[in-house]
Amino acid sequence: MRAEAAVAAPKKAPAAELPLGRILDGDCIEAMRSLPDNSIDCVFADPPYNLQLGGDLNRPDGSEVDAVTDHWDQFESFRVYDDFTRAWLTEARRVLKPDGALWVIGSYHNIFRVGAILQDLGFWILNDIVWRKTNPMPNFKGTRFTNAHETLIWASMGEKARYQFNYRAMKTLNDELQMRSDWVLPICSGGERLKENGKKAHPTQKPEALLYRVLLATTEKGDVVLDPFFGTGTTGAVAKRLGRNWIGCEREEFYRSVAEKRISRELALDESALATMQSRKSAPRVAFGTLVETGLIAPGSKVFDKKRRWVAIVRADGSLDYEGQTGSIHGLGKDLQGAPSCNGWTFWHYEIDGPNGKDVKPVDHARQLHLLASEDG
């Protein structure tokens, strides 16, 4: 589903110009400069958080916490960090298509600075997502609240830009409830946590469930996803599984090696598994009359509400007749209930032959049969 926009879709960059399925070596800003304009559908960025830890962190028993003390997370000042952030976001904006999306994840150390800069550059924030961790690391010193969440910013290219949002798939994923902006997911642990020589391969490896939700929500099969801070390749692994193309940027040779081995083991889902629920706006429109004229629900047959309070006759033009009161499946259902509206597809039911006699199905069942036949034909 594309949100309403005023920006025309650009021509796609030739596949030969894109290093699909590759991890680009070196500084991410320089690596992104090698990519064509308007060639990327989605950027997912997990940049350095600039944690400013200021020394070692120990548990109450004296053991050392495996925290982020790597050189790639160290910056001389906020100004240096801001300059770095502005530079990589500028390149991300250049390579993104006009209807592309930007995702950035961070903590309180950096996400507010990143958010202000991306707004200055013209990005339009669609949501801030709170990833609430079910198993966060406790605050060992007892001097602050436990840091139990991180924040993701989801942004489009501008206030009126198109963007991809698979609303129906997210609602299905969430047990038919509208997906909220607070996501409760565990941190990366157990068998998913990559280790080399018994130690964590990366201190801030993100859980695959987080990337799965991001990519399923805002990309489509075949889209190109760029991760400028590729690390151990969570984005690439999930993208490959979901049938998305990916490009990574990673300057650390060790992380590149771990990521390449990890992604090589990943298998793409087959076509049937990759199909997701469509939004009403993107699903092919089927009129009830189409089901009548194709014989899936024949003229003269009876339809009824689930409690069989009202039994109506299907007329040749797709309208219904209940004791002389007529209307569409939606209009008649609304009038009979005295309700402001009615979804006739789920309100009215009909009988079909089943293995143990007659089965009762909502008329939407016939619509789905029609859609399946259309796809197969």
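Predicted model: local features only at pLDDT ≥ 70, side-chain atom pairs only at ≥ 80, totals over all residues.
Residues are numbered from 1 along each chain as its sequence is written, and side-chain values use heavy atoms, with hydrogens and water left out.

**Overall make-up**

- The protein chain has twelve helices and 16 strands, where helices (H or I, at least four residues) and strands (E, at least two) are DSSP runs numbered from the N terminus.
- Of the 377 residues in the protein chain, 44% are buried; buried means under 20% relative accessible area, exposed means over 50%, and partly exposed lies in between (1.4 Å probe, protein chains only).
- Among contacts (heavy atoms within 4.5 Å) between residues at least 6 apart in sequence, 67% join residues at least 24 apart.

**Salt bridges**

- A salt bridge is a side-chain nitrogen of Lys or Arg within 4 Å of a carboxyl oxygen of Asp or Glu, and by this rule the count comes to 21 salt bridges.
- Side chains of opposite charge can pair when their charged atoms come close.
- E208 and R262 meet through their side chains in a salt bridge of 2.9 Å, N to O, and this pair links distant parts of the chain, with E208 in helix α5 and R262 in helix α7 (residues 253-264), 54 residues apart.
- E208 is buried, with a relative accessible area of 17%, and R262 also counts as buried, at 6% relative accessibility.
- R241 forms a salt bridge with E266, in which the closest N and O atoms are 2.8 Å apart; the pair links distant parts of the chain, since R241 lies in helix α6 (residues 234-241) and E266 in the loop between α7 and α8 (271-274), 25 residues apart.
- Both R241 and E266 are buried.
- R180 and D182 meet through their side chains in a salt bridge of 2.7 Å, N to O; R180 counts as exposed at 57% relative accessibility, whereas D182 counts as partly exposed at 29%.
- A network of salt bridges links E30, R33, D37, E91 and R94.

**Helix α5 and the buried residue D227**

- Helix α5 (residues 208-218) is mostly covered, with nine of its eleven residues buried, and the buried residues include E208, R213 and T218.
- Not counting residues up to four places away in sequence, D227 touches F44, T235, I247, G248 and C249.

**R113 in helix α3**

- R113 has its place in helix α3 (residues 111-120) and counts as partly exposed, at 29% relative accessibility.
- The side chain of R113 makes a polar contact of 2.8 Å with the side chain of D82, and R113 touches F78 and D82 when residues up to four places away in sequence are not counted.

**Loop residues with positive phi**

- N38, in the loop between α1 (28-32) and β2 (40-45), has phi near 50°, a positive value in a residue other than glycine, and N38 is partly exposed, with a relative accessible area of 29%.
- E323, in the loop between β13 (320-322) and β14 (325-327), also has phi near 50°, and E323 is exposed, with a relative accessible area of 70%.

Notes. Polar contact = N/O pair within 3.5 Å; in protein donor to acceptor, adjacent residues only side chain to side chain.
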